[in-house]
Every structure is written in structure tokens, then in C-alpha cells.
Amino acid sequence: AIMPYLLALSSQGGALLASHWNTSTLVSGDMASCAMVNVGLPTCSNESVAKDLPWTLLEQYHTWVPTFQVEAGGSWWVRVSAQVYNGLEDYKMLADAVLEIYTVKCPGFRI
């Protein structure tokens, strides 16, 4: 009962984030059958915003997600793990938090 919940939450949460940020999810191989999702971050002219996002989220919103690039100079992504204590509202909070941070720290940012 736990894994079906986590798989559904991860899928729905990833879709929610991608929709709010106007990006996409990165699914490859076994990632489609685990309780994690990689979602592209919005584009920002200041690359340090994405690089520092985990710590900004921790300091300002008391949450944390890792960020990464698939290739140097490429797009930035977040990896979000679904846990039994999470709900879709946690993904919505993350979506809104990232948009707030980007609105402040990314010159000319728009979705």
C-alpha cells in the first residue's frame, strides 16, 4: 500500500511542479518506477540561483531539495523524493517557493 501511494505522489507531484514552472520531468529507465522525480527548474539568467537553491529553500522555507545539471552549462533540475509523510500540498509549496525565489533573484524572470 505504501509503494503505490509513493509512486502516484511522485508522478503527480512531478507533473504539478513541471506545470507550475513551465518545464518538464526527466524520466529515464528505473526512475519511472521509484518514488523520486527530476523536474526542470525555470530558466534564470543568474546560474547561482539554481546552484544555491537548496540552501535558499532551507533558510527561507525550511525544506530542502538537491539541484543538479545533467551536463555542464545545461539546464538545472531538482530531484524530489516522495515520502509517506508528504502530500501533494508539499509539492505545491515547493512550486510556489521556487517561483517566489526566482521572482526576487532572477532579473526579468517570468513564467
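Mentor: Contact means heavy atoms within 4.5 Å. In this predicted model, the buried residues of α3 pack against α1, α2 and β4.

Trainee: Which residues of α3 are the buried ones?

Mentor: They are Tyr 91, Leu 94, Ala 95, Ala 97, Val 98, Leu 99, Ile 101 and Tyr 102. The term requires under 20% relative accessible area.

Trainee: Why are Lys 92 and Asp 96 called partly exposed?

Mentor: The class lies between the 20% limit for buried and the 50% limit for exposed. Lys 92 has a relative accessible area of 34%, so it is partly exposed. Asp 96, with 28%, is therefore partly exposed as well.

Trainee: Why is Phe 109 called buried?

Mentor: Its relative accessibility is 15%, and buried means under 20%, so Phe 109 counts as buried. Phe 109 is placed in the segment after α3.

Trainee: Which residues are in contact with Phe 109, leaving aside its neighbours within four places in sequence?

Mentor: They are Pro 42, Thr 43, Leu 99, Tyr 102 and Thr 103. Phe 109 and Pro 42 are 67 residues apart in sequence, while their C-alpha atoms are 8.8 Å apart in space.

Trainee: How do you know that the reach of α1 is close to the expected value?

Mentor: Helix α1, residues 2-21, has 20 residues, and 28 Å is expected at 1.5 Å a residue; from first C-alpha to last, the helix reaches 28 Å. Just after α1, Asn 22 takes a positive phi of about 55°.

Trainee: Which residues of α1 are buried, and against what do they pack?

Mentor: The buried set includes Leu 6, Leu 9, Gly 13, Leu 16 and Trp 21. The buried residues of α1 pack against β1 (25-26), β2 (36-40), β4 (76-81) and α3 (88-105).

Trainee: What lines the largest pocket?

Mentor: Its lining has 15 residues, of which Thr 63, Trp 64, Val 65, Val 80 and Ser 81 lie nearest the centre. The elements giving two or more residues to this lining are β4 and α3, and α3 gives the most, with four residues. The space in this pocket is about 300 Å³. By class, the lining has eight nonpolar, five polar and two charged residues.

Trainee: How does the lining of the second largest pocket divide by class?

Mentor: There are seven nonpolar, eight polar and one charged residues in that lining. About 220 Å³ of space lies in the second largest pocket. Of its 16 lining residues, Pro 42, Thr 43, Gly 74, Ser 75 and Trp 76 are the closest to its centre.

Technical notes:
Residues are numbered from 1 along each chain as its sequence is written. This is a predicted model: local features need pLDDT of at least 70, side-chain atom pairs count only at pLDDT 80 or more; totals for chains, interfaces and linings use all residues. Side-chain values use heavy atoms; hydrogens and water are left out. The expected span of a helix is 1.5 Å times one less than its number of residues. Buried means under 20% relative accessible area, exposed over 50%, partly exposed in between (1.4 Å probe, protein chains only). On a 1 Å grid over the protein atoms alone, a cavity is a set of points where a 1.4 Å probe fits but cannot get out, and a pocket is an open set with protein on both sides within 12 Å along at least five of seven lines; lining residues have an atom within 4 Å of a point. Grid points are joined across faces, edges and corners, and a volume is the space filled by probe spheres set on the points. Ala, Val, Leu, Ile, Met, Phe, Trp, Tyr, Cys and Pro count as nonpolar, Asp, Glu, Lys and Arg as charged, and the others, Gly among them, as polar.
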